[in-house]
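Dear colleague,

Please find the structure below, handed over for your review. My findings follow directly after it.

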Amino acid sequence: MEYQATANWSFVAGTYHNSIRNQTNFAGVEYFPSWLQGDLNFLFLKLGLLGGVASGYEKNKLVFLTIPVVQIEILKTWGIDAIVSPEFLGLSLKVSLGVLE
């Protein structure tokens, strides 16, 4: 789940089954500087950072994250988030329901 508070800040949270077969819960904040955002007619690209916490990788411990994020949106309705680090690759597909707009 993602809530875009401003053009630069978003809050994210969710759950997934990770690669070591544990349930992971995560929460964080994404920051996208204005100068790293581009609008190409129907395609919108943002580059930024995600800071947050995740469970499920080490028993009874939270893992703290600060990793780069690439966000691509098509017509402000469909999107892809890619999170890449040396130890982690995450992709999420998203659709805007327009509920909070």
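**Findings: F32 and its surroundings**

Leaving aside residues up to four places away in sequence, F32 is in contact with A7, N8, S10, Q37, K46, L47, G48, V69 and Q71. Please bear in mind that this is a predicted model. F32 also belongs to the largest nonpolar core, which has 6 residues in all and includes V12, L50, I67, V69 and I83 as its other members. As a general background, nonpolar side chains in soluble globular proteins tend to be buried together.

**K46, a buried lysine**

One of the contacts of F32 is K46, a residue of strand β5, which spans residues 43–54. K46 is buried, yet it forms no salt bridge. Which side chain of opposite charge is nearest to K46? That side chain is E73, at 5.0 Å. Apart from residues up to four places away in sequence, K46 touches Q4, A7, F32, L36, Q37, V69, V70 and Q71. Two names in that list, F32 and V69, are also members of the largest nonpolar core.

**Salt bridges**

How many salt bridges does a search of the whole structure find? The search finds 4. Among them is the pair K94 and E2, whose side chains meet at 3.1 Å, N to O. This pair links distant parts of the chain, with K94 in strand β8 (residues 88–95) and E2 in strand β1 (residues 2–4), 92 residues apart. K94 counts as partly exposed, because its relative accessibility is 21%. E2 is likewise partly exposed, with a relative accessible area of 28%.

K94 also meets E73 in a salt bridge, at 3.5 Å from N to O. Since K94 lies in strand β8 and E73 in strand β6, this pair ties together parts that are 21 residues apart in sequence. E73 is buried, its relative accessible area being 11%. Through shared partners, salt bridges join E2, E73, D81 and K94 into one network.

A further salt bridge is formed by E58 and K61, with their closest N and O atoms 3.8 Å apart. E58 is partly exposed at a relative accessible area of 45%, whereas K61 counts as exposed at 51% relative accessibility.

**Two residues with positive phi**

Most residues other than glycine have a negative phi. Which residues depart from this pattern here? R21 is one of them, with a positive phi of about 65 degrees although it is not a glycine. R21 is found in the loop between β2 (9–17) and β3 (23–31). Is R21 buried or exposed? With a relative accessibility of 71%, R21 counts as exposed.

N60 is another such residue, with a positive phi of about 60 degrees, and N60 is not a glycine either. The loop between β5 and β6 (63–74) contains N60. N60 is exposed, because its relative accessible area is 77%.

With kind regards

Terms used. Residues are numbered from 1 along each chain as its sequence is written. This is a predicted model: local features need pLDDT of at least 70, side-chain atom pairs count only at pLDDT 80 or more; totals for chains, interfaces and linings use all residues. Side-chain values use heavy atoms; hydrogens and water are left out. Helices (H or I, at least four residues) and strands (E, at least two) are DSSP runs, numbered from the N terminus. Buried means under 20% relative accessible area, exposed over 50%, partly exposed in between (1.4 Å probe, protein chains only). Lys and Arg count as positive and Asp and Glu as negative; His and the chain ends are not counted. Contact means heavy atoms within 4.5 Å. A nonpolar core is a set of buried Ala, Val, Leu, Ile, Met, Phe, Trp, Tyr and Cys residues joined through side-chain atoms within 4.5 Å.
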